[in-house]
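Please look over the sequence and the structure before reading the points below.

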Amino acid sequence: MTSISNEKNDIETRPTSPPSPDPTQAPRINGSRWDQRYSQEAWSEIPDPELVDLAKPLKPGKALDLGCGTGRNALWLAGQGWSVTGVDSSYVGLSQAMARARRLSLSLELLHLDLTEYVPSIGQYQLAIIANLHFGEPMRTGLFEIAKSSLEIGGYLYFLGRHKDSVGHRGPSDPDLLFTEKELRDRLTGFEIVLISRADRNSSSERPAPTNVIGWAKRVG
Ligand SMILES: C[S@@+](CC[C@H](N)C(=O)[O-])C[C@H]1O[C@@H](n2cnc3c(N)ncnc32)[C@H](O)[C@@H]1O
């Protein structure tokens with residue numbers, strides 16, 4: 001794992017595993033696809049409007065943004081007084097998040113690692129975020145387990161992902177990577193579901209509007 005921190009206004013690299021003579025045992029952090037994408041196109045800096053509405057009434061605490069990318073949601077939360085940990089395998093994305101945090105004089109803890117190898121602090125967070133992560137199995141189940149276990153009782157999970165009805169629009173073309181309201185509901189066992197709904201994004205003449213599944217649920221057990 002590599003940790004990038006701007007607590008000291010610096011990028012800190014902290015490998016936790018010694019170099020391994022066996023390459024198959026070496027830490028695998030492959031963010032190259034997203035590194036390339038973030039290097040080539042500017043990612044949105046705007047937080048999800050649904051997250052803004054849902055999290056605004058909460059008392060700021062500790063938030064975990066899984067696959068935080070360039071940090072648009074993490075930075076909005078940090079600006080509201082949350083202490084935010086962002087996790088992502090793209091060093092380029094995390095570096096962009098860090099640069100923006102510095103410009104905004106905000107603090108983020110950013111962890112450069114692969115989510116398949118991440119074990120969060122259990123029951124430590126008041127908010128966990130899964131936004132735009134379209135994984136297949138077994139990572140998909142693992143992702144929800146990480147988010148759910150990271151939350152204290154009473155903590156909230158925010159979810160946003162492309163709806164299966166959006167197949168062929170923007171986002172993944174494989175329907176197995178997309179979501180439905182039912183799947184999200186089924187994955188949120190042990191949680192009180194406050195909201196599961198569809199949310200349409202703006203369309204343009206060239207690009208049809210994608211539909212997302214939004215979820216907001218509270219850990220009760
Ligand atoms: C579509 S972007 C979403 C970024 C952010 N959540 C947002 O909504 O703006 C997907 C992100 O997941 C990250 N990601 C993909 N696979 C990952 C993995 N195995 N471990 C950690 N991050 C991963 C990518 O690097 C990328 O930043």
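This is a predicted model: local features need pLDDT of at least 70, side-chain atom pairs count only at pLDDT 80 or more; totals for chains, interfaces and linings use all residues.

A residue counts as buried when its relative accessible area is under 20%, as exposed when that area is over 50%, and as partly exposed in between. By that cut-off, buried residues make up 45% of the 221 residues in the chain.

**Fold**

- The chain contains six helices and eight strands.
- Read from the N terminus, the order of these elements is β-α-α-β-α-β-α-β-β-α-β-α-β-β.

**Ligand site**

- The ligand is located in the largest pocket.
- Around the ligand there are 18 residues, and the closest of them are Tyr-38, Gly-67, Arg-72, Asp-88 and Ala-131.
- By residue class, this shell consists of ten nonpolar, five polar and three charged residues.

**Polar atoms at the ligand**

- Tyr-38 places a polar side-chain atom 2.6 Å from an oxygen atom of the ligand.
- In the side chain of Asp-114, an N or O atom is 3.1 Å from a nitrogen atom of the ligand.
- Leu-115 takes part through its backbone, where an N or O atom lies 2.9 Å from a nitrogen atom of the ligand.
- On its own the ligand would expose 590 Å², and the protein buries 92% of that area.

**Arg-37**

- Helix α1, which spans residues 32-40, includes Arg-37.
- Is Arg-37 buried or exposed, or does it fall in between? Its relative accessible area is 33%, so Arg-37 is classed as partly exposed, given that this class lies between the 20% and 50% limits.
- Arg-37 and Ser-90 are 53 residues apart along the chain, while their C-alpha atoms are separated by 9.8 Å.

**His-163**

- Where is His-163 found? His-163 belongs to the loop between β6 (151-162) and α6 (181-187).
- The relative accessible area of His-163 is 3%, and therefore this residue counts as buried, the limit being under 20%.
- The side chain of His-163 makes a polar contact of 3.2 Å with the side chain of Arg-198.

**In short**

Terms used
Residues are numbered from 1 along each chain as its sequence is written. Side-chain values use heavy atoms; hydrogens and water are left out. A residue is near a molecule or strand if one of its heavy atoms lies within 4 Å of it. A polar contact is a pair of N or O atoms within 3.5 Å; within protein, one must be able to donate a hydrogen and the other to accept it, and residues adjacent in sequence count only if both atoms are side-chain atoms. Accessible areas come from the Shrake-Rupley method with a 1.4 Å probe; for residues, only the protein chains shown count as cover. On a 1 Å grid over the protein atoms alone, a cavity is a set of points where a 1.4 Å probe fits but cannot get out, and a pocket is an open set with protein on both sides within 12 Å along at least five of seven lines; lining residues have an atom within 4 Å of a point. A molecule sits in a cavity or pocket if more than half of its atoms lie within 2 Å of its grid points. Ala, Val, Leu, Ile, Met, Phe, Trp, Tyr, Cys and Pro count as nonpolar, Asp, Glu, Lys and Arg as charged, and the others, Gly among them, as polar. Helices (H or I, at least four residues) and strands (E, at least two) are DSSP runs, numbered from the N terminus. Buried means under 20% relative accessible area, exposed over 50%, partly exposed in between (1.4 Å probe, protein chains only).
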